[in-house]
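Thank you for sending this model for comment. The remarks are set out as numbered points, so that each can be checked by eye against the coordinates.

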Amino acid sequence: MSNIEAMNLRRSVRRYTDQPISRSHMDAIKWFVTEISPLNDIPFDIIFFENGKLISESFKGIANMYSKVIAPHYIAITSKEAPGYLENVGFIGEQLVLKLTALGIGSCWLGRSIEQKYFNQISSIKTNQSYVILISFGYAMEDLYPISKRNRLNIEDFVQGDIKENFMPILNALRIAPSAVNSQPWRIFIEKNTMHLYMKTKNFITEKLLARMNLIDMGIGICHIIKCAEEIGFKTSIFKDTTLSKRNLKYILSVKFSN
Ligand SMILES: Cc1cc2nc3c(=O)[nH]c(=O)nc-3n(C[C@H](O)[C@H](O)[C@H](O)COP(=O)(O)O)c2cc1C
């Protein structure tokens, strides 16, 4: 299955059957980890919790269903904290999510589930790294099917500039990407054959957690942009233009497309 097909099938799965995934599926996803390409060179690690109880036990007492997704298995991503690490975690994790989807396995990013202190008790983390986020996975209670209608912004609501027809599949791939509380923080400015990516910023202190999650969302969005562009025949190069800035937006990076 192509990445574009997987993007269309993917949704956040919050209800799983009790059945653990097959050995061959588990091996395939673990093998895939060796093929993942990161966005930068910040050290990270991917930890599998084949026995999901180790994680879900910690959800006891949590009333909020958004934080409490019970699944047979979980993946945790840890990373060294350095500028760009959250975008990298999003970029890496979404490759896993798309692979899981292609294998017919449901998944859900879980940003609010467990605390660092608890994580340290149940797993060993590589030196200088911290726990960042979880992804739940398992066979979905309701089968995965291509999703034709999603609750999302229209492309013209988050893209400005000359929207070329051949960029539409890429912008649509970004449009359907998952984001924390569906916040869709990406804002795109197109200049000739380049997309400049910005993140919508919030000023309230209560939005601090979301700002952290939104950097992960940006990495997820970049994953959809790059994987889709490559599949439809574009070459991509990522660069940073430090002179770029816009009010109420945080500049993340730029992607140049060529044939
Ligand atoms: C970084 C991140 C964190 C998320 N955290 C949670 C979470 O804690 N609980 C949850 O149920 N869904 C979580 N989600 C899933 C989003 O709510 C979901 O992606 C969004 O509502 C869009 O729906 P869709 O994924 O079905 O397309 C998270 C998604 C992302 C990308």
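Predicted model: local features only at pLDDT ≥ 70, side-chain atom pairs only at ≥ 80, totals over all residues.

1. On location, the space that the ligand takes up is the largest pocket. Domain 1 (3-138) and domain 2 (155-258) both contribute residues to the shell around the ligand, and the ligand therefore lies between them.

2. Which elements give two or more residues to that shell? They are strand 3 (106-110) and helix 8 (208-231), and of the elements it is helix 8 that gives the most, with four residues.

3. As for composition, the residues of the shell around the ligand comprise twelve nonpolar, seven charged and four polar ones. Of the 23 residues around the ligand, those that come nearest are Arg10, Ser12, Arg14, Tyr66 and Arg152.

4. Two of these arginines deserve a look at the level of single atoms. In Arg14, an N or O atom of the side chain is 2.5 Å from an oxygen atom of the ligand, while in Arg10 a polar side-chain atom lies 2.8 Å from a ligand oxygen atom.

5. How much of the ligand's surface does the protein bury? The ligand exposes 620 Å² when taken alone, and 92% of that is buried by the protein.

Terms used:
Residues numbered from 1 in each chain as written. Heavy atoms only, no water. Near = heavy atom within 4 Å. Polar contact = N/O pair within 3.5 Å; in protein donor to acceptor, adjacent residues only side chain to side chain. Areas by Shrake-Rupley, 256 points an atom, 1.4 Å probe, with all protein chains shown as cover. 1 Å grid on protein atoms, 1.4 Å probe; cavity = no way out; pocket = protein on both sides within 12 Å on 5 of 7 lines; lining within 4 Å. Sits in = over half its atoms within 2 Å of the grid points. Nonpolar A, V, L, I, M, F, W, Y, C, P; charged D, E, K, R; others polar. Domains from an automatic or database assignment.
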